[in-house]
Each structure stands twice: as structure tokens, then as C-alpha cells.
Amino acid sequence: MAAMTDPATPNISITARGLVSALGHGLAATADALAAGRSGLVACDFAGQRRGFIGRVEGVESHRLPARLAAFECRNHRLAHLALDADGFAAAVGAAARRHGPGRVAVVLGTSTSGVLASEEAYRARDAASGALPDWLDFEHTHDLGALPRFVRAALGLAGPAFTVSTACASSAQAVGLGTRLIAAGIADAAVVGGADSLCGLTLAGFAALDLIAAGPCRPGDAARDGLSIGEAAGFLLLERAEAAAPDAFALLGWGASSDGYHLSAPRPDGAGAALAMRAALDAAGLAPGAIDWINLHGTGTPANDAAEDQAVFAVFADAVPASSTKAYTGHTLGAAGIVEAILATLAIEHGLVPAPLNLDRPDPSFRVPPPPAEPGRPGHAQRERPVRRVLSNSFGFGGSNCCLVLGRPDSA
Amino acid sequence: MNPARIIGVGLWGSGLPGFPPSRAVLAGQAPWAADDAPPPVPGLLPPAERRRLGTTVRLALAAAAEAVAMAGIDPRAAHNVFATSNGDGAVVHALLEELARPAPLLSPTQFHNSVHNAAAGYWTIAIGSRAPTQCIALHDATFAAGLLAAMAELADGAPVLLCAHDAPLPAPLAAKRRTETGFAAAFVLAPAQGEPAPGSLGRLSLRYEAEAAAAPFAALPPALRRLAEGNPAAQALPLLAAIASGRPARLALPYLDARLELAFEPERAVCLEAAIGAGRA
């Protein structure tokens with residue numbers, strides 16, 4: 001099954017992880033919440049918005065950036081900084097920079113709205129006479145779409161190539177893939193990949209305008225699902241060639257991307273573009289569909305997304321692989337969803353845990369891909385018939401952007 | 001990083017209405033004159049969609065369509081890398097203005113048009129592409145970052161369309177982020193293994209150096225230098241000038257505190273005429 005694998009492409013290992021989301025700060029808190037079946041969603045009370053539920057990260061407001069990074073001060077970068085601090089991620093990058101040289105470590109990050117909340121606040125403080133924005137708005141270092149990788153590169157003392165990937169809700173999944181490309185092309189020896197998206201009025205009011213916000217906590221896959229719950233998160237992976245990693249390190253086994261070429265905000269109803277991305281990811285990993293033990297769905301909880309994704313997954317996997325969404329735990333973290341769910345995939349493998357679907361009272365009877373049933377007496381655990389060794393994670397975005405990652409350990413084949 | 005072949009090119013900017021009409025200006029053989037004629041309305045999309053397109057999307061579609069026509073490829077076969085610093089600033093401004101009102105009600109269409117990859121999305125919809133599509137941003141180094149991402153994307157073996165596009169932001173954002181006039185540039189890249197393809201304009205190789213570039217636009221005529229310094233997408237001008245001149249060139253683009261070094265080698269002098277002829281046909 002390795003026919004599609006390019007032999008020149010080096011195996012890329014994950015040598016450090018960092019994550020903050022509504023489930024908590026760091027991997028241990030996140031794994032605890034998953035194992036307990038505990039959602040991070042709360043009733044929305046943010047930026048004047050009161051509709052639905054949100055996944056809000058504790059402690060973002062009180063966190064302050066170091067003085068040397070003060071120009072970057074905004075919610076999105078505070079969130080990112082919390083994730084750099086989590087689980088010794090920044091220290092691991094520092095060690096990699098010493099090994100490879102700071103100019104050989106790339107930074108490729110996804111975000112959909114960067115620090116737009118700073119501009120939202122500034123638009124409420126415009127000069128009444130001239131309409132000018134207040135002096136305190138540092139657009140270049142906050143709202144500008146290039147600000148996040150510049151902040152992370154500066155925070156980590158790196159000097160390698162950096163850029164933002166902004167393909168809406170596929171952003172940080174694509175960033176993981178593009179980071180591997182820079183290593184494969186020989187332009188970098190390591191890459192900090194991932195992304196951050198933080199709560200803001202734009203996305204809360206924008207998804208409300210599209211009538212896609214669920215009244216209660218989101219219910220992915222449920223027959224009565226009525227939309228999504230927005231969350232915020234930041235997550236990072238350090239990628240290096242397999243030689244630099246411990247033998248049991250997690251790896252990006254493959255990834256694939258595609259476009260729908262259909263509509264700017266509605267998915268193709270037949271899921272054909274999404275299926276193409278999943279097939280490309282399996283081909284790149286040299287794996288048959290049956291080698292996947294759990295599919296972490298994009299599963300936003302909107303009627304259209306979940307229905308199209310069921311079609312797409314069935315086209316590739318039939319009903320052979322359990323598939324569920326973790327959006328009811330974290331909320332839909334938009335541009336950060338890809339990296340959040342890639343890290344949740346590694347936690348599932350590490351802890352032998354398929355997170356039980358939350359708020360799934362009555363699975364949509366029209367769906368052909370069955371959700372994993374909850375294990376009696378263990379609220380966060382879905383029943384599983386085999387060990388969790390390889391996970392496929394889907395991320396789909398506005399603009400028709402699809403990206404799919406396959407995570408596991410290279411020796412698990 | 002493996003070199004690429006450039007097999008198609010397109011652009012739209014003030015006084016630069018497409019590649020063939022701009023060639024003499026780019027090569028320094030004719031003077032530049034400002035002309036802010038809007039790019040042609042893309043025939044690729046249904047009329048209802050066309051009317052709603054903002055300036056930056058129209059710029060992007062015009063340059064992308066020109067580049068794939070010159071390359072003579074089925075555009076659905078290419079992977080797409082779009083690069084934009086500002087995205088659709090007019091849409092972002094309208095949404096920010098509404099959000100500052102007491103009970104904001106956003107337009108759903110404006111909200112989905114506010115995503116940074118809107119132009120990329122409209123391009124894939126217009127041509128019916130299912131190919132991988134990226135959208136890259138890096139402030140003033142957006143073009144250099146997009147070029148790096150596009151060259152890396154060639155690893156899959158498919159041709160890659162790189163389309164850089166940026167338009168000025170409206171007031172009051174304009175005072176925070178100056179962008180002088182709208183500009184878009186597009187390149188179709190192909191892997192450079194084997195013999196030159198008949199339509200090849202030349203070979204391009206890249207190197208990232210962790211030291212700053214000195215006077216990166218000094219070799220351009222003064223008018224083009226001002227364009228390059230006034231719009232992130234117009235940082236494609238030194239490469240466009242090298243292609244138009246048909247002469248080997250070593251260029252350096254600023255990349256944050258570092259630089260991206262470009263080496264351009266025309267494959268055959270006659271190729272340019274052949275390629276432009278094919279694009280016109």
C-alpha cells in the first residue's frame with residue numbers, strides 16, 4: 001500500500017506538543033477532560049454576544065506578554081503564548097534551535113481572524129470628529145493576518161522562514177502539512193506548526209448571521225443538531241525528521257488537501273471534495289482505510305456540514321471505522337480546529353481512548369457512518385474493538401478548503 | 001529546494017494591464033504611466049456573483065486567468081497558492097463598522113467574503129477546481145512567503161498557480177496600513193526536471209538566508225520601485241521585470257529580518273514570444 005508514498009519525503013516526527021483550549025491548559029488537563037467526558041462549553045457572554053454556547057479559555061484576560069513582546073499584545077497572542085508555555089513546548093523548541101540553528105526552524109501557523117478583536121475594540125474608540133482609529137491600535141502586530149507567526153517566531157527567538165496559512169477552518173491543519181513540505185524541501189530542519197484563533201465579535205456575530213449558531217451546546221451528528229458552538233484555542237507541534245526523534249514519537253503519517261470548488265460557505269452536499277482529501281491523506285501515508293482506528297470528524301454540528309461529511313466518510317471508509325466529533329468538548333475553534341484535533345488524536349492514541357460523542361442523544365437516522373457507542377460506566381470513553389493506533393482528523397473551511405491529517409506512530413503499521 | 005520552471009505569468013496594476021502590454025515597461029524599455037483602469041470583469045463566474053466581487057478578488061482573478069492561459073494548462077490540474085496581506089479590506093471594514101454599533105447585524109454574504117481565502121475560493125469555484133489550495137499572509141513579505149510556499153508545493157509534481165493580490169484598505173484602516181494602489185501578479189510554476197517545456201519562460205531557484213536584504217528594489221526603474229514599495233503583491237515586480245527582460249537575474253526579496261534569494265535563468269530567448277503567443281491564441 002506504499003505505492004503513492006514519495007520515497008524522497010522524509011518521515012516527519014512530532015517532537016513536542018503544546019495546547020490550550022476550553023478543556024484546560026496543557027495536555028494532562030485536556031486528557032483528563034476527555035477521559036471524564038467533560039465539555040468545556042459555557043453559555044456565551046463575550047463581546048456583547050449572548051447567543052448559544054462558547055468554548056472559552058480560562059486566564060486569557062489576566063495573562064500578559066513579556067515586555068519585549070508588548071507590541072504584539074492582543075487576545076490571540078496571549079492565547080498563543082499560553083500554549084507556548086504549556087507542556088514545555090517553548091523549551092523543546094529552544095533545544096531544537098540549538099541543534100539545528102535558529103535560522104533552520106520554520107514557523108507555519110494557521111489563523112482565520114488573527115487579532116481582529118483589537119480592531120473591533122479600536123472601532124468602538126474612533127475619534128468622533130475625524131473617524132480616525134486610536135493611536136493604541138498596533139494593526140501590524142495584532143490584527144494583520146501575518147502577525148501570529150511573527151509573534152511566535154519572536155517569542156521563540158527563531159530566524160527561519162515563517163508565514164500564516166489562512167484557509168478559514170482548515171488553516172491550522174494545512175499549516176501542519178505545509179510545515180512538513182518546508183522540511184522535505186530542505187529549507188528547514190524543524191518547523192513549529194499549528195495555530196490560534198480567539199473569541200471575537202466578528203465570528204460570533206458572523207456565524208449568527210449565517211444562522212449557524214446552536215441554541216444550546218452543539219450536538220454533532222445528532223438528528224436535532226442546530227448549529228455550532230464557537231471556541232478558542234491555540235496549539236503547536238514541533239516537527240523534525242524522524243532521525244531527530246525518539247523511536248516511539250508520534251508522527252504525521254500523511255496528509256491531504258483538496259478544494260470543493262462549489263460555494264464559499266456551504267459544503268458540497270455529496271462531500272466529494274472532502275472524500276478526495278481523505279483519500280489523498282491515506283495515499284500519502286501508504287495506508288488502507290481499514291488501518292485507521294478512529295476518525296476525528298470535522299463534525300461542527302451544523303446540519304449541512306455533518307450530512308456532507310457523513311457522505312464523504314462513507315465513500316472512503318464505508319461503515320468500517322468509528323467516527324465522531326470532539327467539537328462538543330472544545331467548541332469549533334475555527335482556524336485552530338485542525339491543530340487542536342491533531343493533538344487530541346495523539347492523546348487518543350497515548351491514552352487508548354476514543355472520546356465518546358457528547359450531546360448525541362439520537363444519531364441522525366440518515367447517516368451511514370455509525371458513531372462509537374459510549375462505554376457503560378465510563379462517560380468519556382467510547383467502546384472500541386481494537387487499540388487506537390492511527391487516527392484520521394478532518395478539517396474543512398469556508399472557501400471550500402479541505403484538509404485531512406493522519407497521525408500515529410511510524411512503527412504502528 | 002528544487003528549482004521550478006515558470007510556464008505562465010499574469011499581472012494587473014496601475015499602468016500595467018496584463019503581461020504582454022506591460023512587457024516593455026517592465027523591461028525598462030518604455031516609461032510607466034499611471035492608469036487605474038479596473039481589471040476586466042471575470043467571465044468565469046455567474047453574473048450575480050460577479051457583481052459582488054470586490055477589487056482585490058477581481059485583481060486576483062484577472063492575473064490568475066492570464067497566467068493559466070499563457071501556460072496553456074487545464075487550470076484544474078494546478079495546485080493553488082494565493083498570497084494576500086490585506087485580504088478584502090473593504091469587507092473587513094464594513095463588518096468592523098457594523099460590529100461597533102450597539103446591536104450589530106452582519107450581512108451573511110459579507111461575513112463569508114471576509115475570510116482571507118475568499119479570492120482563492122472564488123477562483124476554485126470559477127474553474128471547478130478540486131485541487132489543494134492555500135492562502136498565505138506575511139505582512140510586507142507576503143509575496144516572498146507565497147513564493148516559498150508555492151515552490152514547496154511542487155513536491156507533489158503538479159503545476160502550481162501562485163497568485164499574489166492586494167488592494168488599498170479603506171479609511172480609517174488605511175492610516176494604520178498603507179497600501180498605495182491595487183496590484184496582482186500570478187505565476188504558473190512547474191517542476192524543473194528534464195528538458196525545457198516548449199512554453200517555459202525560465203528556471204527559478206530559491207534560497208532563504210537569515211540575513212536582511214540590502215536595497216531590494218534598487219534595480220527597478222523609479223516608478224516601478226514605488227509600486228513595489230507600496231503594495232505587498234507588487235514585490236513580484238523584480239521577478240516580472242527579469243522575465244520581461246529575458247535576461248538572467250539574481251534578486252533578493254526582504255523576508256522579515258531575513259531575505260529570499262531568487263535566481264532566474266531564461267531557458268531560450270524565443271520562448272517568451274512563443275509563450276505569449278500561446279497565451280493570446
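Helix H9 of chain A gives the second largest pocket the largest share of its lining, 5 residues. The model is a predicted one, in which local features need pLDDT of at least 70, side-chain atom pairs count only at pLDDT 80 or more, and totals for chains, interfaces and linings use all residues. Residues are numbered from 1 along each chain as its sequence is written, chains are lettered from A and ligands numbered from 1 in the order in which they are written, and side-chain values use heavy atoms, with hydrogens and water left out.

The second largest pocket holds about 390 Å³ of space. A pocket is an open set of points on a 1 Å grid over the protein atoms alone, with protein on both sides within 12 Å along at least five of seven lines; a cavity is a set of points where a 1.4 Å probe fits but cannot get out, and lining residues have an atom within 4 Å of a point. Grid points are joined across faces, edges and corners, and a volume is the space filled by probe spheres set on the points. Of the 30 lining residues of this pocket, Ser265(A), Ala266(A), Pro267(A), Asn305(A) and Phe398(A) lie nearest its centre. In chain A, helix H8 (272–285), helix H9 (303–317), strand S15 (390–397) and strand S16 (401–408) each supply at least two residues of the lining. By class, 13 lining residues are nonpolar, 14 polar and 3 charged; Ala, Val, Leu, Ile, Met, Phe, Trp, Tyr, Cys and Pro count as nonpolar, Asp, Glu, Lys and Arg as charged, and the others, Gly among them, as polar.

The largest cavity, with a volume of about 340 Å³, has residues of both chains nearest its centre: Ser112(A), Thr113(A), Leu202(A), Val92(B) and Ser114(B), out of 28 in the lining. Helix H7 (201–209) of chain A and helix H4 (89–99) of chain B each supply at least two lining residues, and H4(B) provides the largest share, 4 residues. This lining divides into 16 nonpolar, 10 polar and 2 charged residues. The second largest cavity has about 50 Å³ of space, and its lining includes Thr167(A), Ser259(A), Asn117(B) and Gln134(B). Here helix H6 (118–127) and strand S4 (133–137) of chain B each supply at least two residues, and the classes are 2 nonpolar, 10 polar and no charged residues.

The interface comes next. The contact (heavy atoms within 4.5 Å) takes 64 residues from chain A and 53 residues from chain B. The two chains bury about 4800 Å² between them, 65% of it on carbon and sulfur atoms; buried area is the accessible area (1.4 Å probe) that two parts lose on being put together, summed over both. Tyr123(A), Arg181(A) and Leu264(A) supply 15% of the area that chain A buries against chain B, more than any other three residues.

A nonpolar core is a set of buried Ala, Val, Leu, Ile, Met, Phe, Trp, Tyr and Cys residues joined through side-chain atoms within 4.5 Å, where buried means under 20% relative accessible area, exposed over 50% and partly exposed in between (1.4 Å probe, protein chains only). In the largest such core, of 114 residues, those touching the most other members are Phe163(A), Phe187(B), Leu237(B), Leu239(B), Leu240(B) and Leu260(B). Beyond four places in sequence, Leu239(B) touches Ile6(B), Phe143(B), Phe187(B), Leu204(B), Leu251(B), Leu262(B) and Phe264(B). A second, separate core of 66 residues includes Leu61(B), Ala126(B), Ile127(B) and Val188(B). Helix H5 (residues 147–155) of chain A is mostly covered, with 8 of its 9 residues buried.

Some backbone details complete the picture. Most residues other than glycine have a negative phi, and most peptide bonds are trans. Asp211(A), however, has a positive phi of about 60° and counts as exposed because its relative accessibility is 56%. Ala215(B) likewise has a positive phi, near 40°, and lies in the loop between strand S7 (202–209) and helix H8 (222–230) of chain B. A cis peptide bond, with omega about 0°, joins Ala171(B) and Pro172(B).
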